[in-house]
Amino acid sequence: MDSIIVSGGTPLNGEIAIGGAKNACLALMPAALLTDEPLTLTNAPRLADIATMRALLESLGCEVAALQEGRALALSAATIASRKAHYDIVRKMRASILVLGPLLAREGAAEVSLPGGCAIGARPVDLHLAGLEKLGATLELRDGYVYAAAPNGLRGAEVAFPFVSVGATENVMMAATLAKGVTRLSNAAREPEIVDLARCLRAMGARIEGEGTSTIAIEGVDRLRGATHRVIADRIELGTYMLAPAIAGGEIEFLGVERGLVAALIDLLEAADVAVEDTARGLKVRRRNGVVRAMRVTTAPYPGFPTDLQAQLMALLTQAEGESVIEETIFENRFMHVPELMRMGADIRVKGGEARVRGPAKLRGAPVMASDLRASAGLILAGLAAEGETTVARVYHLDRGYERVEEKLSRCGARIARVRG
Ligand code: EPZ
């Protein structure tokens, strides 16, 4: 298993190109199941999770061709060969559940393994299932699978989500594009990835209004057609790297992005005395006067501060002056990076969903390990602030969501390398 070795203490200068959004692409790829014509996604990220979704779609009979060295994906589900998403693939990645809505809408039946446990929380899929039931599907849970059927097609309905779920909004929105009549989603997720999916579905002929607000209306159509769609920039990759110069000093320009993607992070950074400037090519980040101020932050659905940047922000806050408080409200077990940061010398106390971080702490390099993607990214950022060598093990977590982390950071002057093993 590969590991990444980081040595801290050098300021970072240069530019970083941000890739296409993993979480947008993972929802866009299953949309290909909704039509017998080809869907081409450009600006696709080259990541392990995308390869997993590709394998899942291929197992259903969807042809997937990687073009432009993997930067574009041509997906063609002319016919659906299988309606079954096997446990072997689904257990690797929870986003696999996103094939359920499209398969059901197109085929009138689907068998999808229930995703298993997850390191960051229980992450049930009850909202996805309840939403599809509202559209008239009958569901049966048996042997670890959900057996879904709608032999006469789905019908539009009012679906009021009890709380915000990105995945449930995506699954039900896709299913509703081919239902008879109008579906209204209330308390829908407003994430940029939802907006991106809605735009792609519209290019495929779907009738959707209200994406980006908490009420989305979808008028079903008889069939969807093929389209070409550019995946939006990855706001979590962007946010992660924006924290690097805030932690290590220096100035980095991020290419192909705009501040609306990470507005909540920018507000916090500016309050902490980190400057974020618009440029002709994107955004530039630099620490203003060498001192970062402590802050209070609560994770929340978009447009709030994303849970997917919580571990990375915590790495910065170990270096901030004073006591910071981070409240995690989305996942019940997303502080796994804390014991590892403490092994590096951070002063953090966790009580329930709240972490108190006292800084600035003098971090020292250590061998560390994380059991999820964003926690691993947080540890690499902490390594940039630490004296000596930090070895981050289990890099396969990182490879699920970050493309060539070591190359992007070393080009800006970071001392970071991947050790194959
Ligand atoms: C998406 O997961 C992202 N994944 C996650 O990215 C992200 O952390 C999360 O949204 C929150 O922003 C993808 O887009 C592929 P949710 P999703 O449904 O859709 C609970 C990363 O690091 N819930 O919005 O699974 C759930 O347990 C990751 O890239 C139910 O109880 O998240 C959680 O507490 C990991 N029942 C909350 O809702 C349901 O049916 C929000 O989850 C669905 C969700």
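**View 1. Helix α5 crosses helix α6 in a right-handed sense.** A crossing is right-handed if the near helix is turned clockwise from the far one by less than a right angle, and left-handed if anticlockwise. The model is predicted: local features need pLDDT of at least 70 and side-chain atom pairs count only at pLDDT 80 or more, while totals for chains, interfaces and linings use all residues. Residues are numbered from 1 along each chain as its sequence is written, and side-chain values use heavy atoms, with hydrogens and water left out. Helices are DSSP runs of H or I with at least four residues, numbered from the N terminus. The axes of α5 (residues 126–134) and α6 (residues 166–176) lie 8 Å apart at an angle of about 25 degrees; axes are lines fitted to C-alpha atoms over the stretch in contact, and angles run from 0 to 180 degrees between N-to-C directions. The two helices α5 and α6 are therefore roughly parallel (angles under 35 degrees). From α5, L127, H128, G131 and L132 take part in the contact, and from α6, G167, A168, N171, V172 and A175 (heavy atoms within 4.5 Å). By class, this contact of α5 with α6 has five nonpolar, four polar and no charged residues. Ala, Val, Leu, Ile, Met, Phe, Trp, Tyr, Cys and Pro count as nonpolar, Asp, Glu, Lys and Arg as charged, and the others, Gly among them, as polar.

**View 2. Helix α1 packs with helix α7.** Their axes are 9 Å apart, at an angle of about 30 degrees, for α1 (residues 22–31) and α7 (residues 192–203). α1 and α7 are therefore roughly parallel to each other, and their crossing is right-handed. N23, A24, A27, L28 and A31 of α1 meet E193, D196, L197, C200 and L201 of α7. Seven nonpolar, one polar and two charged residues make up the contact of α1 with α7.

**View 3. The largest nonpolar core has 78 residues.** Such a core is a set of buried Ala, Val, Leu, Ile, Met, Phe, Trp, Tyr and Cys residues joined through side-chain atoms within 4.5 Å. L57, V99, M173 and L201 have the most contacts inside this core, and α1 supplies its largest share, seven residues. Not counting residues up to four places away in sequence, L57 touches M29, P30, L33, C62, V64, L75 and V99. A second, separate core of 73 residues includes L269, A272, L313 and L317.

**View 4. H337 lies in helix α11 (residues 337–343).** H337 counts as buried because its relative accessibility is 2% (buried means under 20% relative accessible area, 1.4 Å probe, protein chains only). Leaving aside neighbours within four places in sequence, H337 is in contact with Q310, A311, M314, A375 and L379.

Notes
Buried means under 20% relative accessible area, exposed over 50%, partly exposed in between (1.4 Å probe, protein chains only). Angles under 35 degrees count as roughly parallel, over 145 as roughly antiparallel, 65 to 115 as roughly perpendicular and the rest as oblique.
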